[in-house]
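Let us take a friendly walk through a protein model together. Please keep the viewer open beside the text as we go.

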Amino acid sequence: MGAVVDKITEEISQLRSDETAPGLAQVAIRLARSMDEDAGPTALANAATALRAVMVELRKLAPVGEEGDSVDDIAAQRAKRRAAAREHAAGG
């Protein structure tokens with residue numbers, strides 16, 4: 001595979017887009033493959049534009065992660081502050 005295909009395949013896997021939008025994920029891989037092939041500058045520019053648009057859609061369709069999103073980060077920070085406040089109140 002080529003460099004663009006490798007990166008797009010990796011991102012699709014991380015986004016789990018192959019589960020949520022398998023057809024669109026395949027379009028992205030085919031566009032990436034066309035970018036890796038020896039094509040003229042016009043074909044490359046067209047494929048890049050189309051790939052960018054497809055990846056925007058795939059990112060929108062990606063399921064929200066079970067951990068690591070901003071809500072989880074805020075909850076974790078709040079839990080740390082509460083634990084520190086309890087420890088401080090207990091004299092520790």
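Contact here means heavy atoms within 4.5 Å. This is a predicted model, in which local features need pLDDT of at least 70 and side-chain atom pairs count only at pLDDT 80 or more, while totals for chains, interfaces and linings use all residues. Residues are numbered from 1 along each chain as its sequence is written, and side-chain values use heavy atoms, with hydrogens and water left out.

Leaving out residues up to four places away in sequence, Asp-36 touches Gly-2, Ala-3, Val-4 and Val-5. Asp-36 belongs to helix H3, which covers residues 22–36; helices (H or I, at least four residues) and strands (E, at least two) are DSSP runs, numbered from the N terminus. For a sense of distance, pick Gln-26: Asp-36 and Gln-26 are 10 residues apart in sequence, and their C-alpha atoms are 15 Å apart in space.

Is Asp-36 buried or exposed, or does it fall in between? Buried means under 20% relative accessible area, exposed over 50%, and partly exposed in between (1.4 Å probe, protein chains only). Asp-36 counts as partly exposed because its relative accessibility is 30%. Compare this with Ser-17 in helix H2 (residues 17–20). Ser-17 has a relative accessible area of 0%, so it is buried. Apart from neighbours within four places in sequence, Ser-17 is in contact with Ile-12, Pro-22, Ala-25 and Leu-58.

Now turn to the charges. How many salt bridges does the structure hold? There are three, where a salt bridge is a side-chain nitrogen of Lys or Arg within 4 Å of a carboxyl oxygen of Asp or Glu. One of them pairs Arg-59 with Glu-11, and the closest N and O atoms are 2.6 Å apart. This pair links distant parts of the chain, with Arg-59 in helix H4 (residues 41–61) and Glu-11 in helix H1 (residues 3–15), 48 residues apart. Arg-59 is partly exposed, at a relative accessible area of 41%, and Glu-11 is also partly exposed, at 22%.

Another salt bridge joins the side chains of Glu-19 and Arg-16, at 3.5 Å from N to O. Glu-19 counts as exposed because its relative accessibility is 57%, whereas Arg-16, at 34%, is partly exposed. The side chains of Glu-57 and Lys-60 also meet in a salt bridge, at 3.6 Å from N to O. Both residues of this pair, Glu-57 and Lys-60, lie in helix H4, three residues apart, which is about one turn of the helix. Glu-57 is partly exposed at 36% relative accessibility, while Lys-60 is exposed at 61%.

Patches are made of residues with over 30% relative accessible area and no salt bridge; like charges are joined within 9 Å, and nonpolar side chains (Val, Leu, Ile, Met, Phe, Trp, Tyr) within 5 Å. Lys and Arg count as positive and Asp and Glu as negative, with His and the chain ends not counted. A positive surface patch is made up of Arg-78, Arg-81, Arg-82 and Arg-86. Within this group, Arg-78 sits in helix H5 (residues 70–89) and is partly exposed, at 39% relative accessibility.

How values were computed. Areas by Shrake-Rupley, 256 points an atom, 1.4 Å probe, with all protein chains shown as cover. Charge placed at Lys NZ, Arg CZ, Asp CG, Glu CD.
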